[in-house]
Amino acid sequence: MKKEKILIIGAGINQLAIIKKAKNLNYYVIVVTPFNNDPGIDIADEVIFEDIFNKEKIYNLVKNMNVCGVISDLSDIITPTVAYLSERLGLPTFGYNNSLYFTNKAKTKEVLRKLNLSSIPNKNTKDINVAIEFANKIKYPIVIKPVDSYSSRGVYKIYNELELKSKFYLAQEVSRAGEVIVEKYINGPQYFSQGFVNNKKLNLFAYSDRYYFNIKDLFIPYTNIFPAKVDLNMKNRIYNYFNTIIDYLKPSFGIVWAEWILDKSTDTLYMVEMAIRGAGACVTTDIIPLAYGIDLENYLIKAATGKDYEINFNEIQNNAAGFYCFLLPEGIVKKVEGIEDVKKIEGIKITNLPLIREGDIINKWKDKSSRFGPIVVFGKNRYELEIIRNKIINTLNIEVLTEDGIKNIIWE
């Protein structure tokens, strides 16, 4: 029997899981990538070497190939291309216009204002002088971020005008649109939620706590742990807020997630950002299945190819799972112990640690790419995960020679 063809945009590490999933579902997989060394190339049945942003050229290359669906996962920058191609090919889609609201932070803020949802005071601009004026209005500290970047690239906490002048252009450099968002800094607990839109209806079932490394000017999370330590009232607030957006935009399907922060001083819940794709750090591919028994990538493929499917969110599992990451101080690695032993700890599914050797240079932290991991853990409850984390901390020992002497792993 001839296999149906599915088009996957991207063939890098972030697309490996969805490529493997499509292959396991017996699709003929065609990938698009501009790079000849992407790991997904070895798995795919066919490769189109093309810039993933060249939407019209890709369309002309694939329009007569009879593909039954266009997908990607775990990548914001690819999402608009997927939506555009799906629309042009007359295939199931969450919509190109919708993709912009989910990938461009300025567009996200636009829809929040239109729907009268709480939005962190902000302004997007290409002009440093406008940024300075607005920062003075909302008072320091502030946060600046590119409107359309990823992996926390170009996101900084700013304490004064001098820092704003030095960091503004760094943020602007990693924005494809050349725009920077300046917004009020909110201090409070942070959450993460993930679900699936099915027939334009939001099913939000996964909630996690999200904790960040204690770094003065960067926002780098060291863990996402499911389930979250939040009550039903907070879950309902998150759902109602997110559902207002989904009900307005009406995407037909898609894996969706959002990050949240609560301003305790005013009891105001803010959406930090949202996406219509899987979450990285193994959250969608491994952690959600471990905690809830739900394979969202499987449903994504079925929805994108027009297949019938049914998700029973009333029968999800109730386990615990998450990831832990760590940082190393800037300097030269002098001792490495326990990496292989960590892999043997019960309750660890993935260590995902690179080969760290004595003599390696550890550079200054810049974004999520600076962290090591994720180490994916699972158990019956949060208590078991904490036990596993303590075992990891006690097993892994990496010493780094810094300007201030020998320092160890930074876990939070």
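Trainee: What makes the radius of gyration of the protein chain agree with that of a compact globule?
Mentor: The globule rule, with the radius taken over C-alpha atoms, is 2.2 Å times the number of residues to the power 0.38; for 412 residues this gives a value near 22 Å, and the protein chain has 22 Å, so the two agree. This is a predicted model, in which local features need pLDDT of at least 70 and side-chain atom pairs count only at pLDDT 80 or more, while totals for chains, interfaces and linings use all residues. Residues are numbered from 1 along each chain as its sequence is written, and side-chain values use heavy atoms, with hydrogens and water left out.

Trainee: Why is the pair of Phe-242 and Trp-260 called edge-to-face?
Mentor: Rings of Phe, Tyr and Trp (its six-membered ring) pair if their centres lie within 6.5 Å, and planes under 30 degrees apart count as stacked, over 60 as edge-to-face and the rest as tilted. Here the centres are 6.1 Å apart and the planes stand at 70°, so the pair is edge-to-face.

Trainee: And why is the pair of Tyr-299 and Tyr-309 called tilted?
Mentor: Their ring centres lie 6.0 Å apart with the planes at 40°, so this pair is tilted.

Trainee: How do you know that Tyr-299 is buried?
Mentor: Buried means under 20% relative accessible area, exposed over 50%, and partly exposed in between (1.4 Å probe, protein chains only); Tyr-299 has 16%, so Tyr-299 is buried. Phe-242 and Trp-260 are buried too, as are 55% of the 412 residues of the protein chain.
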